[in-house]
Amino acid sequence: MKKFALVILLLCFFHTLLFALENKNVLIINSYHRGFQWSDKVITGIEKVLYNTNININVLYMDSKRIASAEYYKELKELYQVQLKKANYDLIVALDKFSYEFSLQNYKELFKNEPLYFIGIEQYSKEDVKKYGLEKKVSGLLEKRAIKETVNIIQKLIPKLKKLYIINDASKNGKDSDPFIQKLIQQKKENIDIEYIRESTLNELSKKFSKYRKNEAILFVRFYNDRHGKLYKNSEIANFINNSNLPVFTTDTLFIGKGSAGGKLVNVNHLGLDAGKDILSILNKDIKMPFIKKEDYYELIFDYKKAQKFQLNLRNLKDKFVYVNFPKSFFDRYRKFIDTVFIISPFLLLLIFGLIHNLILKIRSSKILQQRIELDKILLNAIKSPIVWQDERGKIVTSNTKFNEFMKLKEVNNLNIAKSLEEAENSSIKELLKPFINKKLGNNELIIKNNHNKEKIYLIHQTDYIENIYKTSGTVTVLTDITKERQAIAEKAKHQEFIIQQSKLAEIGEIFSSIAHQWKSPLVEIATIAQEQIFNAEGEIDEVNNKYVNDIMIQVRYMTETINNFQKFIMPSTKKSVFDISESVYEMLEIIRHNMKYNYINVNVEVAPKTNLMILGYKNELMQTLLNIVNNAKDSIIKKRAKSKIKKGEILISIKNINQCIQIEIEDNGEGIPKENLNLIFEPYFTTKVNGHGIGLYMAKLIIEDKIGGEIKAKNTAQGAKFIIRMESFNENISS
């Protein structure tokens, strides 16, 4: 029994050995032609893995980029039937989409019972495999391009990205990538304007991207076939990418170093190596079939020259990345020369050692103190604050150039600091610096006014020091300019006060909104009571009662519309929208119509013919700005009427287009703006009114210039004052 078992084991061993020694044959059906860079690199990777094995590789080229008609595929099938009739293969490998679909459709006519392994397609369908009854035969390696990840990287490199062009041709491979791109567009459409290009020509694309446009970029997925069916070489595509005046990001390594700015790339060589490992495992039966894998090896690679040209901020990337086209160092550029010098001139080493030895001796012979003084001078002069050293007798040991400039002294060394103050030209500084001469500082701040009455604030800091070499002592005085810091503190206080004021206005708006909401219910009740009066009246309704009820209903309707307009006006705009500027003007005037009427002020609106009145901005905030300016004009007119200088107020609001912008001019016949205040009216907290808070026109400037991106200015006219607001008009064609 033991002998029988031993024989069985030996037979199994020899069978395995013979199987291992037996040559195996693999047929690769390449979708493309020889010389197509992507498929050639994949095959090179496979051959590298299988080089020292007993596996033979045969490659058939379909040339599907150049010819892809049904008639061609039919003739190709007939040709392959003749070629493969007597051939025996252990594995069929379909390289990319065309050969994979061709192999599925013609499996029964071309092959016997071999397993089918695909490489490089992006989408795998079980239904397609099931349709041809090959569920247990098909395995493969999916190539998923990191499209979404690369777009995220582009946004990090170009933080203010406005527009992204995605180029993906209309081939079968392009259709595989299309769902991922469409999904990306849906996810990003609110933040980025994306133009998806499927059909074009390289000539058209070259013209389209011949000019640089800030905050725009291109994601190049593929473009081998144009709209006319022309096949482009890799060299032609690389030339287009390299000459583009927008940064071009790619999804694989084919064009890196040839014009691509980079991205999260599929390494085509690595794809071939992984495919080779799968093929080896299948033939050695080390892996269970069927299986579907995804190529998960990506590389972050960027072109240094392109990054510099388009100012890509690679510091925003947290992941590690690799540079290509990095500038060579001095040693890389002159490597041959350096090697030659070291080879032919070894005696230079002895000369260098001799020179170094002499230099060391010379340095040691120099006075250490002198070195220290020179270094101190350099360091002192590099500091922007005035610094002076005085010894225990009050004499200046040294000072930096900033102190000399500050004191307006030509020479200060060995001078007594008190004497230097007497010689200083700046008499105001003399008195201010006297306290720190005798170290009797009360307040360590120094305030100096220049000829323009502008203040400079210095912080004076004194430190005693002891010099150990010569056992001397003294005092170091540093004057630090803290003017900007103090101004920043003051500005911060103003800003906080402004925020508090804004908060109060917001709370008032909420209270007004609540009151308006509560007023609506009584108005409805009043209208109901008035209508019941008519319907409950016995007999015929007399004319007086009917008129009475109609008057009530008109007033109720007017009050309701006023409340609705007011509620709508006080609601802050949270999002930019496109609106008609003239409608905003009329809505604003409707709110203050009675106020203007009771103050005998005529408000006229003039709109120039054929004016584009559409703008993109914040409607309610703009109405608030216009209301503020009109109310200021009203107050100015009331003052002028009180002095009997005019009988009736006039406010003219004109709207027109100037150079693709909308210009609003608000002109009144009031008192105008005092000349000395023209440059101050937009400053925060500046007001000439007794109870004014001084933030109205400041808020107007913030809204127009910071939030909407326009400009506002004011000037006086012969009649009164004029405010001019200019904003960019909205053009749907340009915006799209």
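Q: On β3, which residues lie on one side and which on the other, and are they buried or exposed?

A: L91, V93 and L95 lie on one side of β3 and I92 and A94 on the other, and all of them are buried, so that both faces of the strand are covered. Buried here stands for under 20% relative accessible area, exposed for over 50%, and partly exposed for what falls in between, using a 1.4 Å probe and protein chains only. Counted over the strand, that makes five of five residues buried in β3.

Q: Before I read too much into that, what kind of model is it?

A: The model is predicted, and local features need pLDDT of at least 70, side-chain atom pairs count only at pLDDT 80 or more, and totals for chains, interfaces and linings use all residues. Residues are numbered from 1 along each chain as its sequence is written, while side-chain values use heavy atoms, with hydrogens and water left out.

Q: OK, and which sheet does β3 sit in, in what strand order?

A: β3 belongs to an open sheet of six strands, ordered β2-β1-β3-β4-β5-β11, in which the pairing is parallel. As for the names, strands (E, at least two residues) and helices (H or I, at least four) are DSSP runs numbered from the N terminus, and two strands count as paired if DSSP finds at least two bridges between them.

Q: Which strands stand at the edges?

A: Those are β2 (55-61) and β11 (292-294); each has a single partner strand, so one side of each is left without a neighbour in the sheet. From one strand to the next, the twist averages 15 degrees. Angles run from 0 to 180 degrees between N-to-C directions, with axes being lines fitted to C-alpha atoms, for helices over the stretch in contact.

Q: How many bridges does β3 make with β1, and how many with β4?

A: β3 pairs with β1 over five bridges, in the parallel sense, and four bridges join β3 to β4, again with the strands running parallel. A94 is a handy reference point, being the bridge partner of I29 and standing opposite F118 in β4.

Q: Which strands does helix α4 touch?

A: Helix α4 (residues 97-105) packs on the sheet and touches β1 (24-30), β3 (91-95), β4 and β5, where touching or contact means heavy atoms within 4.5 Å. The direction of α4 makes about 135 degrees with that of β3.

Q: I've clicked on S281; where is it, and what is it in contact with?

A: S281 is found in helix α11. Once its neighbours within four places in sequence are left aside, S281 is in contact with D286 and I287. Its relative accessible area is 22%, so S281 counts as partly exposed.

Q: Changing topic, how many residues of β6 are buried?

A: Six of the six residues of β6 (residues 163-168) are buried, so the strand is largely enclosed by the rest of the structure. Both of its faces are covered, by K163, Y165 and I167 on one side and by L164, I166 and N168 on the other.

Q: Which strand is β6 joined to, and over how many bridges?

A: Five bridges join β6 to β7 (residues 193-197), and these strands run parallel. Within that pair, Y165 stands opposite E195 in β7.

Q: Now K183: is it buried or exposed?

A: K183 has 55% relative accessibility, so it counts as exposed. The residue lies in helix α8.

Q: Last one, zooming out: how many helices and strands does the protein chain have?

A: The secondary structure of the protein chain comes to 26 helices and 25 strands, and 40% of its 736 residues count as buried. Taking contacts between residues at least 6 apart in sequence, 66% join residues at least 24 apart.
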